Amino acid sequence: MLRIAICDDEEKVCSLLEKHIIGACKEIYIESEIDVFSSGSTLMNHLLNGSMYNIFFLDIELNDESGITISDCIRNKANDESAQIVYVSGKTEYDRKLFAFRPFSFIEKPFDASVIRTTLEKYMRIYGNKNGLFHYKHGHDTYWINLSTILYFKSNRKKITILTLTTNDEFYGSISSVINQLRSQGFISPHKSYIVNYRFIKVFQADAIIMVNGDKIPIAKGKRDEMSKLQLHFENGGH
Amino acid sequence: MELSTYNIIYLISNFFTIFILYRFTELFFTTLRCNKVFSYLAYFSYFILTSITYLTIDVPIITLCLNWIIIFVISLTYKSINQKRLIYVTYILMFMLFPELIVGVITGYFHFSFFVDGDYSNSMGIIVTKILTYSEALLLRNYKSTKDKQNVGWSLWLSSILIPISTLAYEIMFVNSDNLTKIKAITSIIILFVINITAFYLYDSLSKSYVQLAKLSILETENELYSKQCEIMQTSTEELQAFRHDMNNQFIALSQLLSSKKYEDAEAQLSKLSYLTKNKIIYSTSGNVIIDGLINYKLQNAINDKIKVKTEIAIPVQLQIDTTDIVAILGNLIDNALSALQDVSAEERYLTLKVVFSQKRLIIRTSNPYCGDIMCKNGKIVTSKKAHDLHGYGLNNIARAVDKYKGYMEINYSDNIYTVDIIMYI
């Protein structure tokens with residue numbers, strides 16, 4: 001289930017967005033739940049009360065709040081680094097500050113159904129359909145953890161550490177078996193000892209990846225081209 | 001006190017040492033932190049103080065310490081931190097001592113005729129040492145430039161050795177000739193040093209002016225793009241005004257169609273209107289003048305050529321990328337696409353252009369249909385149907401610019417669609 005929030009002060013834009021999203025979800029077989037907000041402050045109140053969404057479609061210039069304030073609320077007040085933000089705007093000059101919130105994409109008004117579909121397709125291409133869980137054994141007990149909370153996996157000989165934004169845990173296993181469990185769910189392996197959650201990457205460099213918590217993950221020399229290729233596949237899709 | 005020939009030669013070569021020292025200092029320290037005059041004074045004090053010490057005390061260990069101290073004082077006139085200064089000054093001293101040791105060893109073992117005559121033997125030793133040290137400094141400078149990714153041509157490498165050595169060889173032959181007077185010998189030594197100093201001074205000022213020329217040409221490209229962008233904006237404003245003027249008439253027609261309930265005609269009219277707004281000549285409005293200017297300029301004839309252009313430009317107003325690089329990449333990509341589209345039938349012409357910045361990467365894609373054959377050699381595209389020389393050249397330029405940012409380029413051509421994907425880390 002994909003939870004989607006739409007926020008625009010133009011009622012017509014909201015309903016058009018909703019219509020196109022529902023249409024696209026049907027076409028590409030996604031289950032979704034859409035909440036529509038006509039003001040920035042109502043959305044922010046909702047977020048501060050604990051509502052979570054997978055994707056936000058945000059107008060950059062609302063009457064009451066700016067896209068920057070709302071994005072700041074999502075990332076820094078509600079502490080949601082996992083959600084994807086799509087900016088919808090009539091303006092095409094984008095403030096550099098917006099880029100700091102790791103936007104998923106920009107949609108230019110007026111838009112048509114195909115743009116919305118492309119955006120949702122890109123989401124599915126990177127993060128997959130499943131809102132999956134990761135299972136691992138610790139002693140005799142089996143634990144599970146929501147994939148969208150995992151920052152990265154790090155292996156140290158036979159032990160693997162799972163790092164999330166708040167906690168760490170360890171279990172015995174191998175990186176390759178973890179990779180198999182995470183196929184097409186937005187994880188990449190830039191190095192033989194690391195598996196990284198794509199949605200928590202703050203900066204991509206040629207030889208390293210910087211996570212939202214500031215951790216720097218090296219990219220193995222032999223994997224640089226593969227990583228660039230993978231990013232191009234995620235971001236641009238097929239031909 | 002009258003100076004012996006040896007002492008005069010020593011003083012002359014000691015003066016030349018200022019220039020050697022300058023070359024070495026240049027290797028480690030780049031920007032002055034005080035007035036030029038102070039720096040020159042510091043260099044000159046090297047000459048004065050070491051000369052006085054030589055003429056009065058002349059104890060090697062003291063000379064060495066004095067050298068170290070003065071070079072450190074010289075380094076104080078440059079921007080740096082003290083730890084680095086301590087290390088670099090020691091390096092400089094070692095570099096300067098190295099040829100001296102070698103010459104010492106060689107002259108200790110071999111006795112050439114021109115080294116025998118008391119005075120001259122040591123004098124030649126000094127000159128050989130100084131010239132070799134100078135050549136060493138030049139070679140190190142070239143090495144540093146190469147490491148800093150500046151292009152050092154083989155001619156500079158060669159002349160860094162040839163000019164000092166050949167002038168030195170000439171000098172040796174000259175002082176070895178029969179009727180040599182003291183004046184002649186000293187003059188020839190001065191000339192030797194002057195040639196060496198001026199030759200490379202000339203080279204430096206020439207290369208400086210080349211760099212300036214290159215910078216100017218970048219500025220020119222930027223200016224050109226700015227003015228093109230202005231022109232395009234001007235045209236589009238005029239078009240917009242004409243469109244507004246037309247709009248009223250269109251609305252009247254539309255409301256008449258609606259009131260007479262001719263809905264189908266009204267819808268047709270409406271879609272014509274929306275076509276008018278979409279039929280724009282401004283494809284990029286990111287506010288980044290260079291990229292907007294380039295894209296809009298290159299695509300200004302797209303409508304006339306019946307090319308459907310679809311752009312996705314999401315970049316901040318300021319991008320940390322050199323103008324020349326982005327112009328090389330986008331300019332060549334669009335040129336290639338446009339020339340490929342000439343062979344495609346008018347109904348099928350389209351161009352997709354994507355320039356997106358996210359998480360400090362720049363992601364670029366162009367995609368267009370093409371006709372004809374594309375040949376591949378060692379994974380590199382060598383020719384398309386038309387103007388293959390130009391294409392290969394353009395792709396090379398793109399690849400070079402992408403490499404500079406440790407980026408990655410992928411070219412795909414299948415089902416008669418040619419797609420270039422680029423990622424750059426900036």
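# Exercises on a predicted two-chain model

The crossing of helices H10(B) and H11(B) is right-handed.

**Exercise 1.** Determine at what angle helix H10 and helix H11 of chain B pack, and how far apart their axes are.

*Solution.* Two packed helices are described by the angle between their axes and the distance between the axes. Begin by locating the pair in chain B, where H10 covers residues 289–298 and H11 covers residues 323–341. Their angle is about 25 degrees, and their axes lie 10 Å apart. Because angles under 35 degrees count as roughly parallel, H10(B) is roughly parallel to H11(B).

The next step is to find the residues that meet. On the side of H10(B) they are B:Ile290, B:Ile291, B:Leu294, B:Ile295 and B:Lys298, while H11(B) brings B:Thr323, B:Ile326, B:Val327, B:Leu330, B:Gly331 and B:Ile334. Sorted by class, the residues of this contact comprise 8 nonpolar, 2 polar and 1 charged.

**Exercise 2.** Find which residues of the largest nonpolar core touch the most other members, and which element gives the most to this core.

*Solution.* In soluble globular proteins, nonpolar side chains tend to be buried together. The largest nonpolar core here has 77 residues, and those touching the most other members are A:Phe56, A:Leu58, A:Ile85, A:Val86, B:Ile329 and B:Leu330. The element that gives the most to this core is H11(B), with 10 residues. Taking B:Ile329 and leaving aside its neighbours within four places in sequence, we find contacts with B:Ile364, B:Ile398, B:Ala401, B:Val402 and B:Ile422. Another core, of 30 residues, lies apart from the largest one, and B:Tyr134, B:Ala137, B:Leu192 and B:Phe200 are among its members.

**Exercise 3.** Work out how many residues of each chain take part in the contact between chain A and chain B, and which element of chain A gives the most.

*Solution.* Counting on both sides, 22 residues of chain A are in contact with 26 residues of chain B. On the side of chain A, the elements giving two or more residues are helix H4 (96–99), strand E13 (201–204) and helix H7 (224–236). H7(A) gives the most, with 7 residues. The classes on this side of chain A are 9 nonpolar, 6 polar and 7 charged residues.

**Exercise 4.** Decide whether A:Ile107 is buried, partly exposed or exposed, and describe its surroundings.

*Solution.* First place the residue, which is found in strand E5 (residues 105–108) of chain A. Around A:Ile107 there are 19 other C-beta atoms within 10 Å. Because a buried residue needs 20 or more, A:Ile107 is partly exposed. Beyond its neighbours within four places in sequence, A:Ile107 is in contact with A:Val86, A:Val88, A:Val115 and A:Thr119. The C-alpha atoms of A:Ile107 and A:Val86 are separated by 7.1 Å, although these residues are 21 apart along the chain.

**Exercise 5.** Examine phi and exposure for B:Asp415 and B:Asn416.

*Solution.* B:Asp415 lies in the loop between strand E6 (408–414) and strand E7 (417–425) of chain B, and B:Asn416 is also found in the loop between E6 and E7. Phi is near 50 degrees for B:Asp415 and near 60 degrees for B:Asn416, a positive value in a residue other than glycine in each case. For exposure, B:Asp415 has 7 other C-beta atoms within 10 Å and is exposed, whereas B:Asn416 has 13 and is partly exposed.

Note on methods. Residues are numbered from 1 along each chain as its sequence is written. Chains are lettered from A and ligands numbered from 1 in the order in which they are written. This is a predicted model: local features need pLDDT of at least 70, side-chain atom pairs count only at pLDDT 80 or more; totals for chains, interfaces and linings use all residues. Axes are lines fitted to C-alpha atoms, for helices over the stretch in contact, and angles run from 0 to 180 degrees between N-to-C directions. Helices (H or I, at least four residues) and strands (E, at least two) are DSSP runs, numbered from the N terminus. Angles under 35 degrees count as roughly parallel, over 145 as roughly antiparallel, 65 to 115 as roughly perpendicular and the rest as oblique. A crossing is left-handed if the near helix is turned anticlockwise from the far one by less than a right angle, and right-handed if clockwise. Two residues are in contact if their C-beta atoms, placed from the backbone, lie within 7 Å. Ala, Val, Leu, Ile, Met, Phe, Trp, Tyr, Cys and Pro count as nonpolar, Asp, Glu, Lys and Arg as charged, and the others, Gly among them, as polar. A residue is buried if 20 or more other C-beta atoms lie within 10 Å of its own, exposed if 12 or fewer, and partly exposed in between; C-beta atoms are placed from the backbone. A nonpolar core is a set of buried Ala, Val, Leu, Ile, Met, Phe, Trp, Tyr and Cys residues joined through C-beta atoms within 7 Å.
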